[in-house]
Amino acid sequence: MRLSEATWTDAAALDTDLAVLPVGSTEQHGPHAPLGTDFLNAESVAEAGVEAFDGDVVVAPTIPVGIAEEHRAFDGTLWVSPDTFRAYVRETIESLAYHGFDRVVVVNGHGGNVDALAEVCRRISRTGDAYAVAFTWFDAVGDHSQDMGHAGPLETALLRHTHPELVREDRIEEAREGAADRWGEWVSGVNLAHDSDEFTDNGVVGDPADGGAARGEELESLAADALATLLDAVEARGHE
């Protein structure tokens with residue numbers, strides 16, 4: 001059930017303590033993919049995972065702005081501080097828990113959120129207010145995960161499957177030409193580049209041409225199955 005589309009009486013009548021909270025970012029994704037790529041992909045995976053799960057789950061409204069200052073050089077990018085992001089996510093989970101939805105899987109679509117989400121979920125679980133874990137979809141797609149870049153094959157593929165109208169197909173070649181091969185500028189295991197424009201001309205890392213709609217369908221299926229399995233585990237842990 002999408003919480004944003006339900007009434008309060010619908011929410012009161014729902015017999016479940018499970019919720020998913022999609023989170024992402026509004027940031028540059030090259031010349032071909034929309035600024036909302038990360039939160040759109042998180043939403044798609046969250047909804048597919050809930051559909052694959054055998055049970056009722058509340059789908060909370062998506063948090064669309066995250067920790068993305070590394071993309072500030074590219075127009076349209078929005079970001080908040082890590083402290084603000086952690087507080088917003090924590091208080092959103094606390095409000096879900098107040099209404100009994102106190103087993104929460106945060107479905108994440110942005111790499112810059114990973115560390116903060118892990119910290120928030122550990123903290124809120126230790127206080128006993130809720131039990132929460134963070135799930136990043138592109139870490140749960142098997143061998144495909146090795147190809148994760150930025151606005152590269154995986155993110156483009158999932159968008160081509162779920163939101164094909166938002167991918168600027170006439171700019172794919174431009175995206176390829178300005179892309180970097182890898183994220184960052186590494187020396188002795190240290191990334192010297194704090195911002196993405198230091199190593200990619202147009203914000204892209206990886207080849208978006210390698211991300212077709214068929215691959216996107218497979219990615220969604222793999223991520224959805226992984227999320228459904230995780231929901232099973234979270235539900236069981238909540239009732240031990």
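In the predicted model, a salt bridge links the side chains of Glu-169 and Arg-160, with N and O 2.8 Å apart.

Arg-160 belongs to helix 5, where the buried residues are Pro-153, Leu-154, Glu-155, Thr-156, Ala-157, Leu-158, Leu-159 and Arg-160. Helix 5 spans residues 153–162, and eight of its ten residues are buried, so this helix is largely enclosed by the rest of the structure.

In total, the structure contains 13 salt bridges. Among them is the pair formed by the side chains of Glu-47 and Arg-2, at an N to O distance of 2.8 Å. Glu-47 is located in helix 2 (residues 37–52) and Arg-2 in the segment before helix 1 (8–13); the pair therefore ties together parts that lie 45 residues apart in sequence. Both side chains belong to partly exposed residues, the relative accessible area being 32% for Glu-47 and the relative accessibility 38% for Arg-2. A further salt bridge is formed by Glu-91 and Arg-90, whose closest N and O atoms are 3.5 Å apart. Here Glu-91 is partly exposed, with a relative accessible area of 45%, and Arg-90 is likewise partly exposed, at 31%.

The nonpolar interior was examined next. In soluble globular proteins, nonpolar side chains tend to be buried together. The largest nonpolar core of the model comprises 24 residues, and those with the most contacts inside this core are Val-20, Val-45, Val-105, Val-107, Trp-137 and Leu-231. Two or more residues each are given to the core by strand 1 (18–23), helix 2, strand 3 (103–108), strand 4 (131–136), helix 5 and helix 7 (213–238). Helix 7 provides the largest share, six residues. For Leu-231, the residues touched are Leu-18, Val-20, Gly-49, Phe-53, Val-57 and Val-105, when residues up to four places away in sequence are not counted.

The largest pocket has a volume of about 330 Å³. Its lining consists of 20 residues, of which Gly-111, Gly-112, Gly-149, His-150 and Trp-183 are the closest to the pocket centre. By class, this lining is made up of ten polar, five nonpolar and five charged residues.

The second largest pocket has a volume of about 210 Å³. The residues that line this pocket are Ile-67, Glu-69, Glu-70, Val-80, Pro-82, Arg-86, Gly-111, Gly-112, Val-114, Asp-115 and Ala-116. Helix 3 (82–98) and helix 4 (114–127) are the elements that give two or more residues to the lining, and the largest share, three residues, comes from helix 4. In this second lining, five residues are nonpolar, two are polar and four are charged. Gly-111 and Gly-112 occur in the linings of both pockets.

Key:
Residues numbered from 1 in each chain as written. Predicted model: local features only at pLDDT ≥ 70, side-chain atom pairs only at ≥ 80, totals over all residues. Heavy atoms only, no water. Buried < 20%, exposed > 50% of the residue type's maximum accessible area, 1.4 Å probe, protein only. Helix = DSSP H or I, 4+ residues; strand = E, 2+ residues; numbered from the N terminus. Salt bridge = Lys/Arg side-chain N within 4 Å of Asp/Glu carboxyl O. Core = buried A, V, L, I, M, F, W, Y, C linked by side-chain atoms within 4.5 Å. Contact = heavy atoms within 4.5 Å. 1 Å grid on protein atoms, 1.4 Å probe; cavity = no way out; pocket = protein on both sides within 12 Å on 5 of 7 lines; lining within 4 Å. Points joined across faces, edges and corners; volume = space filled by probe spheres on them. Nonpolar A, V, L, I, M, F, W, Y, C, P; charged D, E, K, R; others polar.
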